[in-house]
Amino acid sequence: MRELRSATEDPAERAGGPLTADAATRAVGRVLGEVLDERMSQAYDLDAVFARDVAGRVSAFARRGGKRLRTAFAWCGWRAGGGTGDPGPLLRTGVALELVQTCALVHDDVMDGSHLRRGAPSMHVDLARMHRAEGMTGGAESFGHSAAVLAGDLALAWADDLMTEIALATTDGPRLYREWRAMREEMVAGQYRDLQAQAAGASGVDEALTIATLKSALYTVERPLALGASLAGADEAVTAALRAAGRCAGLAFQLRDDLLGAFGDPTQTGKPVGDDLRARKLTYLLAVALEMGRATGDEEAVALLSPAGPALPERAVEGVRAALERTGARDMVEAKIAELADTALRRFGETDADAVVRREFAALVARASGIRAPQVREAV
């Protein structure tokens with residue numbers, strides 16, 4: 001297990017596992033690089049063109065990284081569940097989570113037609129540019145979309161291979177793999193419900209929450225916490241508390257993402273702002289604003305926010321933002337985020353996690369939800 005030991009340079013951390021969530025994410029970054037180097041070597045052995053065009057782009061995207069929140073939450077679940085000792089399985093689980101996130105983002109950008117991701121062209125946009133630059137025949141956009149789907153599939157295959165290896169070598173492997181299997185299906189269900197809601201012109205608040213939970217909350221926080229707990233062999237009571245905490249924190253994360261998609265700064269978020277508004281895509285933010293606009297008789301807001309109808313022109317986006325403010329939806333979503341974050345901390349506190357881990361979890365929830373980090377009381 002050479003690659004696992006090289007991932008934690010501090011001998012003290014090797015003895016008891018990474019001591020902080022940040023240390024875990026740094027270690028996962030190193031393990032990720034080792035795993036990707038190995039996968040790239042295998043890809044070149046298979047086919048040089050495939051390796052250069054597809055595997056290389058998947059590797060570069062994953063290395064570019066994001067917040068690595070899923071890894072950090074998996075560490076919290078591991079430590080809250082009593083995890084200590086060899087961190088290798090946890091770190092490789094973090095790598096698998098990074099790779100499944102790569103799959104999700106690449107496919108999501110294709111479905112949403114997004115052109116920017118992590119401060120660079122989206123995968124399908126980059127592949128279309130390659131098509132043009134090399135003078136290929138056929139439609140560049142169609143090629144880019146098709147090749148990006150394959151790139152996302154490859155990232156998922158790499159993630160699945162890694163999790164299979166971990167499960168086979170881990171005492172609680174069957175339990176671990178059940179969590180992983182459920183997470184993958186939830187992701188697909190959430191993505192489909194998102195597409196279906198758009199096509200059906202759905203506008204309900206409950207439906208928006210269902211989509212946000214399936215598409216993001218579960219696989220961003222709840223499942224990573226449960227994966228970490230599974231690796232630690234945590235009991236059912238601790239795992240249940242972690243699940244409840246994770247669902248609330250994950251939903252707070254998604255609601256913050258919706259607000260950033262409407263009001264954020266693309267230089268800070270690394271992705272476009274306003275795309276969901278132009279498409280009048282069903283989010284909790286839009287659903288709340290529409291409900292409040294109808295309740296107050298704000299016909300202008302209802303007309304702008306109603307999902308029925310074609311995409312809005314760029315000049316209408318500021319009007320949508322104004323409607324989100326005027327109806328009070330933005331403030332209501334901010335209040336909902338704070339409520340969810342508070343509940344997440346309370347439920348996490350029901351575990352036997354020590355004060356250090358509880359503070360780490362609180363900091364992660366604050367980071368994910370965009371709220372001020374709350375103070376965590378010492379256990380008495």
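**A cavity and some crossing helices**

Guide: The largest cavity holds about 70 Å³ of space. This is a predicted model: local features need pLDDT of at least 70, side-chain atom pairs count only at pLDDT 80 or more, and totals for chains, interfaces and linings use all residues. Residues are numbered from 1 along each chain as its sequence is written, and side-chain values use heavy atoms, with hydrogens and water left out.

Visitor: What makes this space a cavity?

Guide: On a 1 Å grid over the protein atoms alone, a cavity is a set of points where a 1.4 Å probe fits but cannot get out. Points are joined across faces, edges and corners, and the volume is the space filled by probe spheres set on them. One cavity of 30 Å³ or more is counted by this rule.

Visitor: Which residues line the largest cavity?

Guide: The lining is Asp258, Gly261, Ala262, Asp276, Leu277, Lys281, Thr283, Leu285, Leu286 and Leu324. To count, a residue needs an atom within 4 Å of a point. Five are nonpolar, two polar and three charged. Ala, Val, Leu, Ile, Met, Phe, Trp, Tyr, Cys and Pro count as nonpolar, Asp, Glu, Lys and Arg as charged, and the others, Gly among them, as polar.

Visitor: Which helix gives the most to that lining?

Guide: H11 does, with three residues. Helices H11 (236-263), H13 (275-279) and H14 (284-296) each supply at least two. A helix here is a DSSP run (H or I, at least four residues), numbered from the N terminus. Now for helix pairs. H3 (residues 21-46) and H5 (residues 69-80) pack at about 125°, their axes 9 Å apart.

Visitor: Why is H3 called oblique to H5?

Guide: Angles under 35 degrees are roughly parallel, over 145 roughly antiparallel, 65 to 115 roughly perpendicular, and the rest oblique. About 125° belongs to the rest, so H3 is oblique to H5. Axes are lines fitted to C-alpha atoms over the stretch in contact, and angles run from 0 to 180 degrees between N-to-C directions.

Visitor: Which residues make the contact?

Guide: Ala21, Ala24, Thr25 and Val28 of H3 meet Thr71, Ala72 and Trp75 of H5. Contact means heavy atoms within 4.5 Å. Next, H5 and H18 (residues 355-369): their axes come within 10 Å and cross at roughly 155°.

Visitor: What makes H5 roughly antiparallel to H18?

Guide: Roughly 155° is over 145, so H5 is roughly antiparallel to H18. The crossing is left-handed: the near helix is turned anticlockwise from the far one by less than a right angle, whereas clockwise would be right-handed.

Note on methods
1 Å grid on protein atoms, 1.4 Å probe; cavity = no way out; pocket = protein on both sides within 12 Å on 5 of 7 lines; lining within 4 Å.
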